[in-house]
Each structure stands twice: as C-alpha cells, then as structure tokens.
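Thanks, everyone. I'll keep this brief. Please have a look at the model on the screen before I start.

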Amino acid sequence: MSQPSQQDEIMAEEAALQPTPAAGIEPVLEAKGLSQGQIVRKRFLGHSGAIIGLVVFALIFIVAFTSVGYWGIPGWWKYNHEQVSPLVNDGAPTSSLWPLAWGEHPFGQDRIGRDLFAMTMRGAQQSITVMFVIGIIAGLIGVVVGAVSGYFRGWAEAILMRLTDVIIIVPALLLAAVMAQMAGRRDSGSWFSAFASTNGVLALGIFLGLISWVSLARLMRGEFLTLREREFVDAARISGASNARIIFKHILPNAVGVLIVNVTLTMSAAILTETALSFLGVGVKAPDTSLGLLISQNQQAFATRPWLFWFPGLFIVLICLSINFIGDGLRDAFDPRQKKFNAKKAQETGSRVPAAAPVTAFDGPKDH
Amino acid sequence: MVTYIVRRLMTAALILLGASFLVYLLTAASGDPLEEYRAISAANKQQLMDARTELLQLDVPPPLRYFKWLGGAAQCLVPFANSCDLGKNIVGQPVTDALGHALIQTLTLVTGATVLAILVGITLGIITALRQYSALDYGVTFMAFLFFSLPIFWVAVLLKEFGAIGFNNFLRNPEIPMPTAIGIGIAFGALIAVAIGGELKRRVLSGGVVFLFVTAILIYFSATEWFKAPGLGPVLIAIAGVGIAFAVTLLTAGLKNRKALQSALIAVGVGVVLYFLVQPLLDQATFVMIVLLAIAAVLVGLGIGYLVGGYDRGQSMRAAAITSFLVGFMILLDRFMQAWPTYFNNSRVRGRPIATIGATTPNIEGDFWVLGLDSFTHLILPTMALILISLASYTRFTRASMLEIMNMDYIRTARAKGLSERTVVMRHAFRNALIPIATIVAFDIGGLIGGAVITESVFSVRGMGFLFLDGISHVDPNPVMGVFLCVAITAMVFNLIADLAYSALDPRVRVKA
C-alpha cells in the first residue's frame with residue numbers, strides 16, 4: 001500500500017489543529033493540553049467493555065494463582081489438581097446459585113475423584129502463563145526484527161523479511177509436535193529435554209513465542225518505514241543522535257500504540273493456540289494439566305459428566321474474551337482518528353447550527 | 001506488472017525451497033519411525049525393520065533424502081508428463097493418491113463453510129455499520145468477540161451433542177410444544193425488532209408480524225409432522241418467490257423501478273410453471289445437470305429482464321436473473337426435501353440422519369438426491385462450527401471498512417446530489433467497502449486447505465489435516481511434505497492474487513515493478 005505523502009501528513013496535522021470540531025464529535029479532550037499517556041488512559045477508562053474485560057481478567061488471574069498455589073507456594077483451596085478424594089454426590093458439582101453455596105467440590109470431580117475446580121484453576125494458570133510468555137517473547141523479537149528491517153532497510157531488511165516469510169508458512173503444529181517429541185525423550189539427556197520435562201508449560205510458551213512474532217514484525221516494519229521519513233527523525237539525526245537513540249527514543253514511542261494493541265491480540269490468539277495444541281496432544285501433557293487437555297480428556301464423557309467439559313471451556317472463553325475486549329479498548333484508546341461519534345448529537349448540532357464546521361481530515365483517506 | 005509477478009514468483013519459489021527443507025528435517029527429527037517395531041518381540045522383527053528402512057530409505061541421512069524427494073517433486077512441474085512423485089507413505093501408498101483424496105474431502109468441507117461465512121459476515125458487517133451504536137450493533141459486536149474467543153474443538157463437541165444427538169432425538173417424534181413455538185417466535189420477533197431500526201412503532205409492528213408468522217409456521221409444522229416429510233410445494237415457492245422478487249428489486253434497482261419489479265415477478269411466475277415441468281427431469285439428476293439448470297435459470301432471468309426492458313434494461317435483467325436463480329434454488333431444495341423420507345428410512349441411516357463423524361455413511365446406496373442429502377447431513381455440523389469461528393473476523397472487518405467509507409467525501413457528495421439512500425449504500429459505499437475485504441478473502445482462501453486441522457480431527461474427516469497429523473504421529477515425512485506443499489503453494493499464490501486484486505480494484509495502489 002502506498003505511504004501517505006508529506007502533503008497528506010501536513011494537511012492532517014493542520015486539520016487536527018483546527019479548534020472547531022465537526023458536528024457530533026465530542027469536544028476534543030486533547031485541547032486541554034494533556035500528554036499522550038493521559039489521553040490514552042482517559043480514553044481507555046471510558047471504554048466500558050475494556051474495563052469489564054480488565055476486571056474479569058483480574059479476578060480470574062487472582063483466583064487462579066492464589067487458589068491452588070504456584071511454584072510451591074500453597075494456595076487457599078483445600079485440594080490440588082493431582083489429589084484424589086472420595087467422590088461426593090457421584091462427582092456432580094456441589095455449588096449452587098440459590099441458595100448461594102460453594103460446597104465441597106464446586107465444579108465437581110472427575111471419574112477418579114480429582115477436584116475439577118483445582119484442575120481448572122491449574123489449567124487457567126498454565127494458559128495465563130503461556131499467554132504472557134508468548135506476549136513478551138513475541139513482542140521483543142517482533143519489535144527488534146521490525147525495527148531493524150524497517151529502519152536500516154537494505155540487506156538486513158531483505159534477510160529478515162525472507163526469514164519471516166519462511167517462518168510464517170512453516171506450520172506451527174509441526175513445530176509443536178517436534179518440540180513435544182523432543183521434550184518427551186527424557187532418555188536423551190540433553191539440556192532441552194531436561195528443561196522441557198520440568199517446566200513443560202514454560203517451554204511451550206517460549207517455543208510458541210519464538211514462532212508467533214512474525215506478524216508483529218511485519219506490522220512494526222511498516223510502522224518504522226512510515227515514521228523514519230518524518231521530520232522529527234531528520235531533526236534528531238541532524239542533531240547527532242545515534243541510530244539506537246533514534247529507534248528507541250524517537251520512533252518506538254510513536255509506534256507503541258500499534259505494538260501494545262497487537263501484542264494483546266497475539267496473546268488472545270496464543271491462548272487458543274495453546275489449548276488447541278494441548279487438545280491435539282502436543283502441548284501440555286499429563287500428569288500436568290491445561291484447559292485444552294482437560295477438554296480433550298473429557299470430551300467422551302460429555303453424556304455422563306458434562307460439567308467436566310463445561311467449566312474448562314468456560315474459562316478458556318472468559319480469559320480469551322476479556323483479553324480481546326481489553327485489546328479493543330486499547331485500540332480505540334490509541335487510535336487518534338477514533339472520535340466518539342454521537343449520531344444524535346450530530347443531528348442536534350446539525351439542525352441548530354446550519355453552518356457546521358467543514359469536515360476535517362479525521363475522516364479523510366489515510367492508507368497506511 | 002509482469003516483472004513484478006515474475007519477481008514475486010521467484011521469491012516464493014526460494015522461500016518454498018527453504019521452508020520445505022526445514023519442514024523435512026523437522027519431521028525427520030521429530031522421532032523414530034521404527035519405534036513401534038523396537039518394542040515388539042516378534043520373530044520377524046528384524047525383517048519388518050529392514051522392510052520399512054528400505055521403503056522409507058532410512059539408511060540415507062535426512063538432508064540427502066530431502067534432495068531425493070525434491071528430485072521426485074520437481075517432476076510435478078513438468079506439464080502433462082504425469083510423472084509426479086511425492087514419495088510413498090509409511091504403508092507404501094503413493095502420497096499423490098492420498099493427497100488427491102484428502103484434498104477433495106477438505107475442499108467439500110471448507111468450501112461451503114467459507115462461502116457462507118463470507119456472505120453472512122459481510123451482510124452482518126454492513127448492517128451493523130449502517131446501524132452504528134444501535135442495540136443490534138452492540139449485540140453483533142459482542143457475538144463477534146465471543147465467537148472469536150471460542151475454541152473450535154469445544155464448539156465442535158457441543159455441536160455434536162446438541163446439534164446431532166439432540167436433533168436426531170427430536171426427529172424421532174417431531175412435535176414442537178406450544179410454549180417452545182411461542183418462545184422461538186418471540187426470539188425471532190425481538191431480533192427483527194432490534195435489527196430493523198427506525199421508530200418504535202415500526203419496530204414493534206415488524207417484530208409482532210414476524211412473531212406471529214414464525215409461531216404459526218412452527219405450530220403448522222408440528223401439527224402436520226412436517227419434519228418427517230418436509231417439502232415446500234409450488235404454493236410456498238410462489239409466496240416466497242414474490243417476497244424474494246420484492247427484496248431483490250429493492251436491493252438492486254429500488255421499488256420505484258416498476259419494470260425491474262415486473263421482470264422479477266415474471267421470473268417467479270415462470271419459475272412456478274417450470275416447477276411442474278422439471279420434476280420428471282430432476283428424477284434423473286446428475287451434478288452436471290444441476291449446474292446446467294442453474295445456468296439456464298440465470299439465462300432465463302436475463303432474457304425476461306431483456307424483454308421487459310424499461311428505461312434501464314440492465315437493472316431489470318439483474319433483478320430478474322438473481323430472482324430466477326433464487327427461485328431455482330428453492331425448487332432444488334424442494335426436490336431434496338422430497339427425497340428426505342427415503343433417506344430417513346434408509347437401512348444405513350435408521351432414522352438418525354445428522355451424523356457426527358466421517359464424510360459419508362459407509363456403504364450407502366441411492367440416487368443423486370439421497371447421496372446429496374447424505375453428504376449434506378455429514379457436512380452440516382463441521383460447516384456450522386467453521387462458520388461460527390470465521391464469521392467474527394469478516395463481520396468486524398466489513399464493519400470497519402464500511403464505516404470508513406461512509407465517512408468519505410464522495411458519499412457526502414452522492415447524498416448531496418440527491419441520490420436515494422439505497423443507491424448511496426449499494427452503489428457507492430458497498431462496492432468500495434468490498435475492496436479491502438477482497439484481499440482478506442483471498443488470504444483466507446489461501447489458508448483454507450490447511451486451516452481445518454482441528455475440525456477435521458474432531459469430526460473424523462480424512463482430509464488434509466488428518467493426513468498431516470497422521471504423518472506427524474508416525475514420523476512419516478512424505479505425507480507431511482505433500483500437505484505442506486499444497487498448503488504453502490496455495491497460500492503464496494493467493495497472497496499474490498490478493499496484492500494484484502488490490503491494485504486492480506483500487507487504482508491508487510500501484511504494485512512496485
């Protein structure tokens with residue numbers, strides 16, 4: 001796609017400076033002289049979907065990590081995900097909404113008497129861990145690759161972009177299968193299989209992170225290609241800034257919106273990838289557990305013990321949905337073109353003030 | 001332009017070489033193909049191991065084996081030579097045969113799902129963009145996010161449970177209790193009332209009409225046991241055809257264009273007459289005949305439009321052609337429904353038509369209609385799962401694209417010069433909103449063949465995904481490479497097509513020669 005020309009940029013900036021807002025667009029907050037961070041925070045906090053998503057995710061996070069404990073720290077829940085206890089009520093969930101009661105096994109038990117609440121919480125821990133590991137690794141690699149290829153261009157760009165092309169078409173499933181096989185061979189005694197057999201989920205996250213940076217790198221490259229032509233970069237270069245300083249101090253802060261939004265979306269996709277791989281048997285392996293593995297183990301038992309199937313799936317959906325809503329809120333918050341447009345207000349102002357301000361470049365073409 | 005395409009193809013070939021080398025080594029390194037023999041204590045153990053070593057050339061190191069494989073694969077590039085050799089799988093079957101079979105299975109599975117998802121997704125996206133910040137918009141947005149977050153294996157198991165087993169139980173005694181009928185009616189009515197927009201009176205009125213209509217139909221179906229012997233019949237086709245004629249005219253030409261409406265209505269009349277004439281012909285139906293009949297239907301519609309004419313002949317022709325195609329589709333549907341009791345009572349089906357696994361009922365026999373119904377009942381659940389998953393991105397994308405277009409200056413110009421809202425939306429906005437969607441669609445078609453691995457494994461369809469997973473689990477590089485080649489080549493070709501289509505559709509974007 002074509003890059004916006006200098007002319008477009010200048011026109012867009014001039015238009016943005018015009019004090020009269022177009023009909024129906026709420027009074028521009030930026031006029032008060034807030035910093036970009038403040039504007040973004042304000043917009044994000046005004047996005048009710050994102051706030052609900054944030055609250056739900058925080059709740060799941062806290063409950064999942066405190067209830068069954070993490071890394072040897074004991075939690076407040078009386079069972080853990082491996083402990084077998086006698087079946088209560090044939091394993092059916094004991095929690096009820098009315099009267100509100102928690103019971104002995106709120107989510108029920110599986111066939112041999114393991115507590116499903118503990119297993120689900122353990123699975124949620126795994127999914128959240130994988131998600132963050134993938135987000136951090138993919139974000140880091142994506143930024144570095146995208147920045148280097150977008151900023152320096154030339155042969156660095158050629159090599160890095162061909163590398164992304166190769167990685168993008170190698171199926172993730174195959175890579176995951178190879179890794180699972182290598183981790184499964186404990187006898188070979190390499191450092192990798194030793195690490196993978198003790199920290200299964202961490203290895204999976206690192207590995208998935210190593211392959212899911214590609215789309216992020218492409219986006220960041222595009223962003224850097226646009227920004228490196230801007231005047232402030234020229235100004236910085238003339239005043240003697242080093243390449244590293246230009247990349248990290250001048251360009252990256254301007255690309256941080258795209259970065260954060262897409263890392264969030266990568267993270268929500270990562271949860272589904274992890275659960276799908278575990279479902280196919282190449283992700284997290286028994287005796288440890290994960291949400292995908294729980295569903296895979298219990299899909300045959302749907303007719304007799306449906307709760308074994310409902311709760312893990314519900315948690316996958318909840319985590320993924322809340323992350324998606326947070327990502328949506330972030331996108332709205334970071335996108336300066338998005339003004340909260342109110343159709344009713346537009347009609348009112350339109351009818352009261354016949355000479356509404358001319359349309360600004362807010363809604364003009366801007367193809368990145 | 002040509003230089004650009006040639007350069008892209010060259011790069012793609014190089015990337016393909018590198019990636020296929022990587023995939024081959026990874027598959028070969030992922031395990032030990034002789035493992036299953038190592039554990040057994042049969043007398044001919046060594047013999048079996050030697051045989052497999054011989055078959056898969058395990059004595060050759062993987063990098064060299066890759067180049068041998070490449071030599072065979074390169075022969076596929078020679079046109080009409082029919083010497084394509086992608087190696088053999090672990091039981092000695094040539095991969096090209098297995099691949100051909102799997103490709104057909106996968107394509108039948110994903111084609112319908114993709115087309116439907118695109119149609120429904122784009123429609124929803126446009127409606128939500130036109131009704132931005134309405135209850136409908138928020139509802140669809142939430143649903144889109146929800147579907148986007150659903151793990152497909154979970155949805156698939158749920159569909160199996162409620163869609164197949166539940167619906168089959170319902171068919172055993174197809175009675176809809178009165179409260180259920182009213183409940184479904186209320187749901188549909190509420191949906192329409194929310195979707196229709198406009199004043200409160202108009203919403204309540206439309207919702208009420210839909211509620212009465214749906215409830216009445218459900219009660220009628222229940223009383224006549226319609227689900228046991230479904231059918232539309234000429235009367236229903238005529239009524240629905242008139243509705244379709246009005247809707248199609250409204251969208252393509254506007255109801256003010258009387259000539260277009262007339263030609264659409266004439267097309268419906270001709271369709272109802274033809275309904276009786278084609279019935280004996282349809283009894284000997286084949287697939288080719290159905291395609292020819294569809295083309296004939298469109299041609300008849302075009303002819304009607306041409307003869308009726310009017311001040312804008314093209315509009316009349318378009319309206320009549322679309323209407324006659326849809327009426328023809330209803331006649332086809334009716335014929336399928338006529339075959340339903342035969343299929344339902346087939347000894348292989350035994351009254352449980354909706355299947356949960358496989359692509360066909362094993363050993364089923366019957367005419368075109370019974371076999372068609374058989375693949376339909378097998379496809380419906382995986383198709384629904386795939387649609388649910390992929391619907392969300394189309395809806396969101398179309399909505400964003402449409403909103404951006406609706407804020408453009410030329411839309412304001414179109415309104416200012418007095419065009420009707422229909423013309424503005426259908427002619428000026430919709431067509432331009434489709435440009436970015438065209439690239440997304442091309443991308444998705446490219447990723448289609450390899451994109452249904454999990455769906456295939458849950459529904460036990462022996463398609464490309466099955467071949468791939470099976471190859472991985474048996475450490476068998478040749479099928480894996482075959483699937484990889486197909487998937488990668490289609491993905492790359494369609495990426496190229498996406499870029500070219502974008503520059504063809506939007507002249508502002510030029511490809512870098």
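Arg153(A) is partly exposed: 14 other C-beta atoms lie within 10 Å. To count as buried it would need 20 or more, and to count as exposed 12 or fewer, so it falls in between. Keep in mind that this is a predicted model.

Where does Arg153(A) sit? It is in the loop between helix H4 (116–152) and helix H5 (154–169) of chain A. Now the backbone. Arg153(A) is not a glycine, yet its phi is positive, at about 50 degrees.

Is Ser460(B) buried, exposed or partly exposed? With 13 C-beta neighbours inside 10 Å, Ser460(B) is classed as partly exposed.

Back to chain A as a whole. How many helices and how many strands does chain A have? The count is 14 helices and 0 strands. Along the sequence, then, the pattern is α-α-α-α-α-α-α-α-α-α-α-α-α-α. Chain A has 368 residues, and 37% of them are buried. Next, contacts. Take those in chain A between residues at least 6 apart in sequence: 70% of them join residues at least 24 apart.

On to the interface. On the chain B side, 33 residues are in contact with 32 residues of chain A. Which helices of chain B each supply at least two residues to that side? They are helix H1 (2–29), helix H6 (135–148), helix H7 (152–172), helix H17 (453–458) and helix H19 (477–505). H1(B) gives the most, with 8 residues. By type, the side of chain B that touches chain A divides into 23 nonpolar, 8 polar and 2 charged residues.

Pro174(B) lies in the loop between H7 and helix H8 (178–196) of chain B. What does Pro174(B) touch, leaving out residues up to four places away in sequence? Glu225(B), Phe227(B) and Lys228(B). Take Phe227(B): in sequence it is 53 residues from Pro174(B), but in space the two are 6.3 Å apart, C-alpha to C-alpha. Pro174(B) has 16 other C-beta atoms within 10 Å, so it is partly exposed.

That's what I have. Over to you for discussion.

Notes: Residues are numbered from 1 along each chain as its sequence is written. Chains are lettered from A and ligands numbered from 1 in the order in which they are written. This is a predicted model: local features need pLDDT of at least 70, side-chain atom pairs count only at pLDDT 80 or more; totals for chains, interfaces and linings use all residues. Helices (H or I, at least four residues) and strands (E, at least two) are DSSP runs, numbered from the N terminus. Two residues are in contact if their C-beta atoms, placed from the backbone, lie within 7 Å. Ala, Val, Leu, Ile, Met, Phe, Trp, Tyr, Cys and Pro count as nonpolar, Asp, Glu, Lys and Arg as charged, and the others, Gly among them, as polar.
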